[in-house]
Amino acid sequence: MADLQAILDSIHTDILPRIGEGKVADYIPELAKVDPRQFGMAIVTVDGKVYRVGDADIAFSIQSISKVFMLTLALGKVGESLWKRVGREPSGSAFNSIVQLEHESGIPRNPFINAGAIAVSDVVMAGHAPREAIGELLRFVRYLADDESITIDDKVARSETQTGYRNVALANFMRAYRNLDHPVDHVLGVYFHQCALSMSCEQLARAGLFLAARGSNPMTGHSVVSPKRARRINALMLTCGHYDGSGDFAYHVGLPGKSGVGGGIFAVAPGIASIAVWSPGLNKVGNSQLGAVALEMLAARTGWSVFGD
Ligand SMILES: NC(=O)CC[C@H](N)C(=O)O
């Protein structure tokens with residue numbers, strides 16, 4: 001395999017002159033305070049090697065990347081019947097868009113736009129108090145990453161609870177169409193806390209390694225999902241993981257990936273490695289600007305792609 005540390009170092013060198021590009025998410029006040037001049041990247045290979053560069057050890061708000069972990073939990077609970085509640089098609093609209101939801105009678109397009117993720121959280125809540133559902137997710141992510149130090153940033157969750165008006169609208173809309181079983185404020189409590197998971201690039205790459213390794217984490221020996229389910233989650237990330245920037249991400253990077261408005265991107269090179277990158281400045285569709293550039297450089301310099309070499 002290519003010298004991954006040398007490749008990461010070269011990416012860091014090429015990114016540094018551009019550091020600060022993009023705009024931090026300011027619709028969540030706590031995220032607006034984050035210094036945009038940060039960049040980190042980590043790679044964990046399926047044979048258990050870890051590579052890092054820059055701010056790879058600084059914890060950041062993973063935001064929508066959490067939707068991958070919540071989806072994995074929901075599929076574990078209800079299996080394929082999840083797809084009665086949420087679709088599997090790219091949305092072609094913004095992550096917090098409401099228009100499609102009305103056209104499609106309260107069934108969100110996919111589990112990664114906000115409406116879809118809120119429905120997925122509702123599924124995971126079945127039989128639980130909201131606090132227990134949040135605890136279950138946190139335990140799951142700690143187990144995946146084999147790292148008990150991972151936490152949820154309550155300040156970020158509170159900040160979003162106070163200002164997440166669009167998510168309140170989306171949730172009420174779905175409740176009106178009977179696609180939420182629990183009270184809106186309970187479901188959003190869970191959703192905002194999952195988005196406030198705080199993780200470093202290295203923790204994120206470790207937690208998602210099972211998706212690069214046929215559903216099992218080769219570092220811990222834990223079997224998480226079947227190979228088929230891992231493939232399917234990767235398919236959803238490829239088609240829907242970057243909202244209306246998903247086509248562009250597939251074109252430039254060519255790997256399944258999931259972004260979050262905290263500036264993180266998690267990506268998978270199936271059979272090879274999991275990757276996490278973080279830089280808080282976002283592009284117009286709400287994906288990390290330099291994160292995507294760095295992943296494009298990584299794909300070009302390693303030859304990793306799901307579309308051939
Ligand atoms: N794209 C994102 O990361 C969005 C997540 C954010 N918590 C929101 O609901 O708006």
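How do the residues of the lining of the second largest cavity divide into nonpolar, polar and charged? The count is six nonpolar, four polar and one charged; Ala, Val, Leu, Ile, Met, Phe, Trp, Tyr, Cys and Pro count as nonpolar, Asp, Glu, Lys and Arg as charged, and the others, Gly among them, as polar. The views below show a predicted model, in which local features need pLDDT of at least 70, side-chain atom pairs count only at pLDDT 80 or more, and totals for chains, interfaces and linings use all residues. Residues are numbered from 1 along each chain as its sequence is written, and side-chain values use heavy atoms, with hydrogens and water left out.

**View 1. The whole protein.** The secondary structure comes to 14 helices and eight strands. Both are DSSP runs, numbered from the N terminus: helices are H or I with at least four residues, strands are E with at least two. The radius of gyration is 18 Å, close to the 19 Å of the globule rule for 309 residues, so the protein is as compact as a globular protein of that length. That radius is taken over C-alpha atoms, and the rule is 2.2 Å times the number of residues to the power 0.38. Along the principal axes, the C-alpha atoms fill a box of roughly 55 × 40 × 35 Å. Of the 309 residues, 57% count as buried. Buried means under 20% relative accessible area, exposed over 50%, and partly exposed in between (1.4 Å probe, protein chains only). Among contacts between residues at least 6 apart in sequence, 68% join residues at least 24 apart. A contact means heavy atoms within 4.5 Å.

**View 2. The two domains.** The protein is divided into domain 1 (4–63 + 199–302) and domain 2 (65–195). These bounds come from an automatic or database domain assignment. Over C-alpha atoms, 20 Å separate the two domain centres. The contact takes 40 residues from domain 1 and 38 residues from domain 2.

**View 3. The second largest cavity.** Its volume is about 50 Å³. On a 1 Å grid over the protein atoms alone, a cavity is a set of points where a 1.4 Å probe fits but cannot get out; a pocket is an open set with protein on both sides within 12 Å along at least five of seven lines; lining residues have an atom within 4 Å of a point. Grid points are joined across faces, edges and corners, and a volume is the space filled by probe spheres set on the points. The lining holds Y27, Q63, S64, F95, N114, E160, N167, Y191, C195, Y243 and V261. Domain 1 and domain 2 both give residues to this lining, so the cavity lies between them.

**View 4. The largest cavity.** The structure holds three cavities of 30 Å³ or more. About 60 Å³ of space lies in the largest. Residues lining it include S91, S93, A94, S97, Q100 and L101. E104, I107, P108, R109, I113 and A115 also line this cavity. By class, the lining has six nonpolar, four polar and two charged residues.

**View 5. The largest pocket.** This pocket has a volume of about 230 Å³. It is lined by 13 residues, of which D248, F249, H252, N283 and A292 lie nearest its centre. Helices α13 (246–252) and α14 (289–302) each supply at least two lining residues. α14 gives the most, with four. The lining divides into five nonpolar, six polar and two charged residues.

**View 6. The second largest pocket.** Here the volume is about 190 Å³. Of the 14 lining residues, V34, A59, F60, S61 and D153 are the closest to the centre. α2 (29–32) and β3 (60–61) each supply at least two residues of the lining. Eight lining residues are nonpolar, four polar and two charged.

**View 7. Helix α5.** In α5 (residues 114–124), 11 of the 11 residues are buried, so the helix is largely enclosed by the rest of the structure. Among them are N114, A115, D122 and V124. The cover over these buried residues includes α3 (66–78), α4 (99–103), α6 (130–145), α8 (165–176) and α9 (184–195).

**View 8. Residue S223.** S223 lies in the loop between α11 (209–212) and α12 (227–240). This serine is exposed, with a relative accessible area of 54%. Not counting residues up to four places away in sequence, S223 touches Y143, G215 and S216. S223 and S61 are 162 residues apart in sequence and 26 Å apart in space, C-alpha to C-alpha.
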